[in-house]
Amino acid sequence: MNNSVASTLRLAWASLRILLVLTVLCGIIYPLVVTGIGQVLFHDKANGSEVKVDGKVVGSELIGQSWNIKGTDKPDPKWFQGRPSHSTYDPMATGSSQLGASDPTLVKNVKAAKKQVAEFNGVPQSEVPEDAVTGSASALDPGISPDYAEIQVKRVAQHNGLSVAQVEKLVKAHAEGRTAGFLGEPAVNVLKLNIAVRELTRK
Amino acid sequence: MSPVLADVLQVTALIGALALVHRPLGDYMAAVYSSKKHLRIEKWIYRSVGANPDAEMRWPAYLRGVLIFSAVGVLFLYVLQRVQDKLPLSLGFKPITPDQAFNTAASFISNTNWQSYSGEVAMSHVTQTAGLAVQNFVSAAVGMAVAVALVRGFARSRTGDLGNFWSDLVRGTIRVLVPLSVIAAVILVACGAIQNFGDIHHITTLTGDKQALSPGAVASQEAIKDLGTNGGGYFNANSAHPFENPNGLSNLLEIFLLLVIPFSMPRTFGKMVGSLKQGYAIVAAMGIVWFGAVLAVTWLEYAHPGTASHLAGGAMEGKEQRIGEGPSSLFAVSTTMTSTGSVNSFHDSFSGLSGGVLLLGMMLGELTPGGVGSGLYGMLIMAIIAVFLAGLMVGRTPEYLGKKIGTREIKLAACYILITPALVLIGTAVAIALPDGKEAMTNIGAHGFSEVLYAYTSASNNNGSAFAGFGANTPFFNTTLGLCMLLGRFLPMVFVLALAGSLAEQKPVPETAGTLRTEKPLFTGLLVGTLLIVTGLTFFPALALGPLAEGLAS
C-alpha cells in the first residue's frame, strides 16, 4: 500500500515537472514567438487594426461601433448605422441575444427593428434586409450588407448636405466582396464608410 | 456570385484541402509515434523530469500516466485561476470563484473548453496563455496518445505493451501540434487576428462615445484551440469575435484546422496496422455523416424556418455579416462533430431542427470525425460493435484486424458506449427536476429544454459549445457539468486502454473466407448504420422533447 502511494506521488511529481516544462514551451515561448513574428510582419493587424482620424485613434476597423446621438439611444441620422447589437457595441460584453428562431421576444424585437429601420430611412418595410433587423453573433459586427448600406444612402446624403450620387459612390468604394472571391459574404465596413462621409462633408 | 454557389466552392475547397493534407500529415503522425529516435529537446525534457521514454508500458501503467498527469493539470490550472490577481499582467481581473475555477479546470483538461466565464472580463494574460492555452496543447496530445495506444493494441501481438505515455505526450505536442499551430497562428495574424500583450485600449469614437478595445495573444490561442479541437474562445463571442475570426479566409482556415487532424488520423491508423484501406473505410464513415449534416444544416439555415427568422427574411440572428449563413452552418457542424465547441455563430438562435442536427452530431459521440484522438478511438470502438453485430447475424465469432472480439472485448466496448449517454440523460433529468434547470433557461418551452439537454450533451461529450442563453455560471451547474466533463473524458479512456491491452496480448487469428472484410464499402455502410442506430435509440426520446417538438411546431 505504502509502495503504491509512494509511486503515485513520484508519478505526480514527474507529471508536474513535465507540465511545467510544457507550460514554458507552449504557454510562454510559443505565444511570444507568434507575437514576435506578428508584431514585425503585421504590426498594425497584430495590434487591433486601429483607425486614426487627425492623428487620433477613433476605433478598430474590425470592431463595430454605436452611431447613436451622443448620450441617447437614438440613432444619429448623419451616420450609416450598423446591425443591432446585444451590448450596444461594448467589446467588454461580447455575444448575442441567444434567442431561438421562434422565440416570442425575438419576434417582437425583429418586428420593432423592421418598423424603426423602415421609418428611419424612409423605405417600405419590404426593402429592409435581414441583417438590419437581426443581432450579430459578436455584438461587434463591423459590417452590414450592401443592401442595408443602399437603403441608408438617401438619408445620410440629406443630413450631411451631400448629393445622393456622392454618397452612392462612397458606398460602392467601401463594399468589400468575399475574401478571394468566394469566402464569407460581401460586407460594407460601417466605420470606414462613416469616416469617408465625414471627410467629404469637411471638404 | 450567389451565396449558394460560393458555399459550394467553399465546401469543395475545404474537402480538397483536407484530401491533399491528410496523406502527408497522416503518414507523418504515424512516423512520429513509431520512431525510435528522440529529438534533442525531447531528450532534454525526459532527462530533466527523470522519465524513461523507451520503457514500454502495459495498459494499467499507461492509464496511470494519463490520469495522474491530467489530475495534476486540473490542480495546476485551478490554482492559477485562484491567484491570477497576484501574478503579473493581471489586467486588474479578480481571482475566479472556486466553483467556476473547478469547472474551467475540468473543462480545459478534458479537452471540452466549456466556458462559464467571459474571457474578455475574467481571465488575465497569464491565465489565458500559460494556463488555458497550455491545456489546449496537452489535452489534445493526451487524446492522440490514447488513440495511438489503441492502434498499437491492434498492431501488436503476444505482448501487453502499448508504448510509453510520456514519449507519446511530448511527441504529439512538440512534433505535431506546436509546428502546425505556429503556421496557422501567423496566417491568422495576417488576416487580422490580434496578437499582443498590451493593455485594454480606451478610445473615443467620432460620435464622442468611449470604447474599450481588448488586447490579447489571440491568434496563438485561436490556432491551437481549433487545431486541438478544444474550442475555448479568447473572448465570450468566441470565433464570432472579429479579433478571433476577422474575415472569410480566417473562417475557412479555422474550419480546416478543426477537421485536419481528426480526418488525418485514420490514415495514421491504416499506416500503423499495415493496411491503408482499413483507415479509408473508417474515414469514409466519418466523412459521410459529416457531409450529410453539413447539407442538412446549411439547407435549414437558408430555408430559415422559425417565426422570427421568417419575419426578418433570413436566419441572421446570432450570425456575422462578413461570414454569412452558409459558412456559419459549415462551422457549426464541424465544431459539434469534432468535439471542438468553438462557434462563429450562436447555435441557440439556429432553427429548431438545425439545433437538433447539431445536438445529434455530439450525441453520436463526436466520432464524425471526432476530436483529435478521441474521434479515432471512439470510431474504432464503434467498428468493434459493428463487427460484433455482423458476427451475431451470421453466427460467427467476430474478429477485427486479425483480433478476436471475445466476451472481454465486447464488454469493454459496451461500457464505453454507455458512459456518455448515462451522463447526458441522468444529468439532464436531474437538472430539469430541480429548480436550478428552469432558472438557467433563457428560452421557454421545448427550446428551454433543449438548452439544458445541449449543456449536458456538450459537457459529457467534451464538446464545449452551448446554447449559450443557458445561464450556466451557478455553483450547481459549474459542479455537475464539471463532473460530467471529467467522467465523460476519462472513464471512456479507462475502457479504451483496457481494450488496447487485451488486444495487444492476443495472438493474431488468420483471415479466412468467413472473415468480414472490414476494408470494404459494405463495412463503411455497416459502421454508419451502427452509429446511427445506437445513438438514435439512446437519444430519440430526449430529442423528441426538445428540438423535434420545436422544429415541428414552427
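This is a predicted model: local features need pLDDT of at least 70, side-chain atom pairs count only at pLDDT 80 or more; totals for chains, interfaces and linings use all residues.
Local features need pLDDT of at least 70 and side-chain atom pairs 80 or more.

Me: Why are α4(A) and α5(A) called oblique to each other?
Reply: Their axes, lines fitted to C-alpha atoms over the stretch in contact, meet at an angle of about 140°. Angles under 35 degrees count as roughly parallel, over 145 as roughly antiparallel, 65 to 115 as roughly perpendicular, and the rest as oblique. The pair is therefore oblique. The axes lie 9 Å apart.

Me: Which residues of α4(A) and α5(A) make the contact?
Reply: Contact means heavy atoms within 4.5 Å. A:A149, A:E150, A:V153, A:K154, A:V156 and A:A157 come from α4(A), and A:V164, A:V167, A:E168 and A:V171 from α5(A). They divide into seven nonpolar, no polar and three charged.

Me: What makes B:Y416 buried or exposed?
Reply: Buried means under 20% relative accessible area, exposed over 50%, and partly exposed in between (1.4 Å probe, protein chains only). B:Y416 has 13% relative accessibility, so it counts as buried. This residue sits in helix α15 (residues 407–433) of chain B. Beyond four places away in sequence, its contacts include B:Y377, B:P492 and B:F495.

Me: What makes a set of residues a nonpolar core?
Reply: The members are buried Ala, Val, Leu, Ile, Met, Phe, Trp, Tyr and Cys residues, joined through side-chain atoms within 4.5 Å. The largest has 158 residues. In it, B:F165, B:L169, B:I261 and B:Y400 touch the most other members. Helix α6 (residues 125–155) of chain B gives the most, with 18 residues. Apart from this core lies another of 37 residues, among them A:A113 and A:A157.

Terms used:
Residues are numbered from 1 along each chain as its sequence is written. Chains are lettered from A and ligands numbered from 1 in the order in which they are written. Side-chain values use heavy atoms; hydrogens and water are left out. Axes are lines fitted to C-alpha atoms, for helices over the stretch in contact, and angles run from 0 to 180 degrees between N-to-C directions. Helices (H or I, at least four residues) and strands (E, at least two) are DSSP runs, numbered from the N terminus. Ala, Val, Leu, Ile, Met, Phe, Trp, Tyr, Cys and Pro count as nonpolar, Asp, Glu, Lys and Arg as charged, and the others, Gly among them, as polar.
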